[in-house]
Protein chains: 2
Amino acid sequence: MDQVDYINGQTRLYGIVGDPIVQVRSPEMVTHALQGRGLNAILVPLHVARADFASVVPQLMQLHNLDGLVVTIPYKTQALSLAHSLGLQAHAVGALNALARRRDGTWAGDMFDGMGCVQAFARRGFALRDRSVLLIGLGGAGSAIAAAVASEHPLRMHIWDLDPDRCRQSAAVIARLSPSTQVHVGPPHLDGVDVLMNASPVGMLKDARLPLVADALPPGLVVFDTIVYPEQTPLLQLARRSGCQVVTGREMMQGQIARIVDFFIQAQQGTTNPVVDR
Amino acid sequence: MDQVDYINGQTRLYGIVGDPIVQVRSPEMVTHALQGRGLNAILVPLHVARADFASVVPQLMQLHNLDGLVVTIPYKTQALSLAHSLGLQAHAVGALNALARRRDGTWAGDMFDGMGCVQAFARRGFALRDRSVLLIGLGGAGSAIAAAVASEHPLRMHIWDLDPDRCRQSAAVIARLSPSTQVHVGPPHLDGVDVLMNASPVGMLKDARLPLVADALPPGLVVFDTIVYPEQTPLLQLARRSGCQVVTGREMMQGQIARIVDFFIQAQQGTTNPVVDR
């Protein structure tokens with residue numbers, strides 16, 4: 001009979017909840033990763049309007065064949081209330097972007113926006129422990145990256161955002177997660193820096209600016225940019241010209257997807273270790 | 001980047017709601033039909049437990065990118081309460097198996113279990129109008145087939161089920177939908193019959209029985225069986241040996257899928273004509 005081969009009655013469901021939803025990339029990418037692990041599973045877009053989040057999402061979670069959700073803008077903070085237990089990153093950042101049904105029927109939540117960055121460095125074989133990291137931009141992605149990098153216990157973190165409240169909050173998160181890390185807040189400079197991370201929107205799309213003032217970069221610097229479009233931002237172009245090693249936003253996205261799929265599978269196997277019960 | 005090509009953030013969602021759900025065929029078959037119409041759309045299994053139907057399904061229908069539901073056992077009657085308007089078949093049978101979001105945001109419901117049978121005959125170029133039809137079995141599928149065949153205005157319908165209540169109910173439905181059709185209730189015989197339809201479970205899987213007593217069938221008879229497994233039931237084997245034209249349960253299933261996809265698309269276009277507002 002006429003049929004497709006990638007979905008059937010036994011397919012396990014995952015979803016991504018957001019508003020808007022048309023721009024998300026998780027359906028095609030997480031589904032690819034789930035199927036790459038040999039699972040009969042699919043991740044579908046779930047467009048939930050802001051007025052409906054509190055009534056719709058808890059009911060979606062009652063579907064017996066739904067095993068996990070990715071949560072995107074504007075629900076990453078609100079979704080905390082849906083988790084029975086939180087991982088270290090979600091607890092530190094005060095937001096989550098993935099919920100997984102555990103074997104006992106409870107839901108675990110965690111935040112992978114920053115862990116994708118750490119994963120991308122790990123895949124390159126580059127350890128952040130004992131390094132000196134400059135992080136520019138502490139919005140949603142940047143504050144999650146600050147927490148995830150702190151969990152790797154770098155020697156020093158120099159952080160900067162135009163909003164002083166964000167600087168204070170991330171400094172406190174870093175101090176809590178890694179008391180041994182030296183935290184500096186202030187406008188970016190490269191003195192003694194091993195790793196430069198841009199989590200600000202500077203350089204996105206047709207923006208030709210750099211997130212810091214520089215004509216060249218030290219060739220030993222490792223340079224990372226969260227921006228996915230374009231893949232080669234002005235900062236990464238300068239880094240390549242300067243002979244620096246480069247880590248891209250796409251690598252972070254791939255790293256995040258790998259970690260979220262691990263999280264989904266481990267929850268099913270009962271092997272997640274949430275640190276905080278809500 | 002690593003990704004699949006059949007789902008993304010713009011994909012429109014459809015679902016099939018049932019309990020259990022693993023045995024359903026709509027995900028692979030309706031998805032194939034939706035994509036065959038050029039739509040970026042997918043139908044996913046939605047396993048809703050009986051205790052959750054009333055709380056979960058109305059909230060699912062709030063998803064902005066969900067455009068329709070197929071409803072299966074045990075929810076075909078209960079789902080009537082979710083429709084703002086009903087088609088003729090759903091109204092006649094008192095059950096529905098599809099819900100479609102209309103352009104104005106309301107939901108239309110209709111019952112396609114019987115229309116798939118009529119569609120299968122239409123695809124063979126065989127009109128039921130003015131024919132004499134013997135229908136055996138008046139359960140969920142059989143009662144829907146009785147209503148759908150009646151809407152084609154056959155000359156005569158001879159119906160039979162071991163349950164006398166079912167016989168009375170279907171006879172009343174036929175009389176309402178097609179006052180000109182002669183209705184007979186009683187044990188099956190083939191005198192003057194043009195079309196024999198089996199909607200009883202006799203002959204399913206390894207059941208070697210026939211739904212009526214016969215060593216051979218008149219070669220001019222058209223024989224239809226709702227049973228999908230096996231595709232060649234004992235009744236259809238006898239029919240082929242007797243030189244009869246045969247219509248299979250698989251053809252009904254394909255006919256039903258085509259009609260449901262039409263219903264989904266017409267609702268989006270605002271061209272459905274529900275006859276009853278609830």
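Predicted model: local features only at pLDDT ≥ 70, side-chain atom pairs only at ≥ 80, totals over all residues.
**Two chains, by question and answer**

Me: Is Thr226(B) buried or exposed?
Reply: Thr226(B) sits in the loop between β11 (222–225) and α7 (234–241) of chain B. Buried means under 20% relative accessible area, exposed over 50%, and partly exposed in between, with a 1.4 Å probe and protein chains only. The relative accessible area of Thr226(B) is 11%, so Thr226(B) counts as buried.

Me: How many helices and strands does chain A have?
Reply: Helices (H or I, at least four residues) and strands (E, at least two) are DSSP runs, numbered from the N terminus. Counted in this way, chain A has eight helices and 13 strands.

Me: What is the radius of gyration of chain A, and how does it stand against that of a compact globule?
Reply: The radius is taken over C-alpha atoms, and the globule rule is 2.2 Å times the number of residues to the power 0.38. The C-alpha trace of chain A spans about 60 × 45 × 35 Å along its principal axes. For 278 residues a compact globule would have a radius near 19 Å, which agrees with the value for chain A, 19 Å.

Me: What share of the accessible surface of chain A belongs to carbon and sulfur atoms?
Reply: Accessible areas come from the Shrake-Rupley method with a 1.4 Å probe, and for residues only the protein chains shown count as cover. Of the 278 residues of chain A, 59% count as buried. The accessible surface of chain A comes to about 11300 Å², and the share of carbon and sulfur atoms is 52%.

Me: How far apart are the centres of the positive and negative side chains of chain A?
Reply: Lys and Arg count as positive and Asp and Glu as negative, with His and the chain ends not counted. Each charge is placed at NZ of Lys, CZ of Arg, CG of Asp or CD of Glu. Chain A has 23 positive and 23 negative side chains, and the centres of the two sets are separated by 2 Å.

Me: What rotation superposes chain A on chain B?
Reply: Two copies of a chain are related by a rotation about an axis and a shift along it. The superposition is by least squares on the C-alpha atoms of residues with pLDDT of at least 70 in both copies. For chain A on chain B, the shift along the axis is 0.0 Å, the RMSD is 0.0 Å and the rotation is 180 degrees. The two copies are thus related as by a two-fold rotation axis.

Me: What percentage of the interface residues of chain A are also interface residues in chain B?
Reply: The copies meet through the same surface. This follows from the shared percentage, which is 100%.

Me: Which elements are among those that cover the buried residues of α1(B)?
Reply: Helix α1 (residues 26–36) of chain B has eight buried residues among its eleven. Those buried include Met29(B), Val30(B) and Leu34(B). Their cover includes β1 (12–18), β2 (41–47), β3 (66–71) and α8 (249–269) of chain B.

Me: What is the relative accessible area of Gln89(A)?
Reply: Gln89(A) is in helix α3 (residues 88–93) of chain A. Not counting residues up to four places away in sequence, Gln89(A) touches several others, including Asp110(A), Met115(A) and Leu177(A). Gln89(A) is buried, and its relative accessible area is 5%.

Me: What is the omega of the cis peptide bond that joins Tyr229(A) and Pro230(A)?
Reply: Pro230(A) is in the loop between β11 (222–225) and α7 (234–241) of chain A. The bond from Tyr229(A) to Pro230(A) is cis, with an omega of about -5 degrees.

Me: Is Asp130(A) buried or exposed?
Reply: Asp130(A) lies in the loop between α4 (115–123) and β7 (132–136) of chain A. Its phi is near 70 degrees, a positive value in a residue other than glycine. With a relative accessibility of 52%, Asp130(A) counts as exposed.

Key
Residues numbered from 1 in each chain as written. Chains lettered and ligands numbered in written order. Heavy atoms only, no water. Contact = heavy atoms within 4.5 Å.
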